[in-house]
Amino acid sequence: NKHVSGYEAGVTFTSRVEGVPAAPLLSIGTVSFDRVEVLWSMATSVVQPLYFDILYSQGGAVLTASTAAASATLSPLVEGVELFVEVRARNLYASGPYSNVTQ
């Protein structure tokens, strides 16, 4: 047990592993005529995300959003038009790969 100059004995240090977070596991929640709930989870990893980037497109328009939550409601949507959604995790060091594409 070594004493570090400037710190009192008994101080606990938490180290953070730098690196790229893994791709989230994407799923679809509640769907209504003009909105869809998108949920995701992270596999157990030492590299934890701080934010999630959402990339979605419908009818050729590509939209993006960012959140710290593990879900988002995308709206307004056009009923009957195919929707593509991808999510990636981001931390202070890097952005991870996008998730599987959900239609």
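Student: Before we start, what should I keep in mind about the numbers?

Tutor: This is a predicted model, where local features need pLDDT of at least 70, side-chain atom pairs count only at pLDDT 80 or more, and totals for chains, interfaces and linings use all residues. Residues are numbered from 1 along each chain as its sequence is written, and side-chain values use heavy atoms, with hydrogens and water left out.

Student: How many helices and strands are there in the protein chain?

Tutor: Helices (H or I, at least four residues) and strands (E, at least two) are DSSP runs, numbered from the N terminus. Here you get zero helices and six strands, so the order reads β-β-β-β-β-β from the N terminus on.

Student: And how do I read contacts along the chain?

Tutor: A contact means heavy atoms within 4.5 Å. Take the contacts in the protein chain with a separation of 6 or more: 57% of them are between residues 24 or more positions apart.

Student: On to charges. How many salt bridges does the structure hold?

Tutor: A salt bridge is a side-chain nitrogen of Lys or Arg within 4 Å of a carboxyl oxygen of Asp or Glu. The structure has three. One of them pairs R35 with D34, the closest N and O atoms being 3.4 Å apart. D34 is buried at 18% relative accessible area, while R35 is partly exposed at 38%.

Student: Which residue forms a salt bridge with R88?

Tutor: That's D53, and the closest N and O atoms are 3.1 Å apart. R88 sits in strand 6 (residues 83–90) and D53 in strand 3 (residues 51–58), so this pair ties together parts 35 residues apart in sequence. D53 is buried at 10% relative accessibility, and R88 is partly exposed at 25%.

Student: What about R90?

Tutor: R90 also forms a salt bridge with D53, with the closest N and O atoms 3.0 Å apart. This pair links distant parts of the chain too, R90 in strand 6 and D53 in strand 3, 37 residues apart. R90 is partly exposed, at 25% relative accessibility. Through shared partners, salt bridges join D53, R88 and R90 into one network.

Technical notes
Buried means under 20% relative accessible area, exposed over 50%, partly exposed in between (1.4 Å probe, protein chains only).
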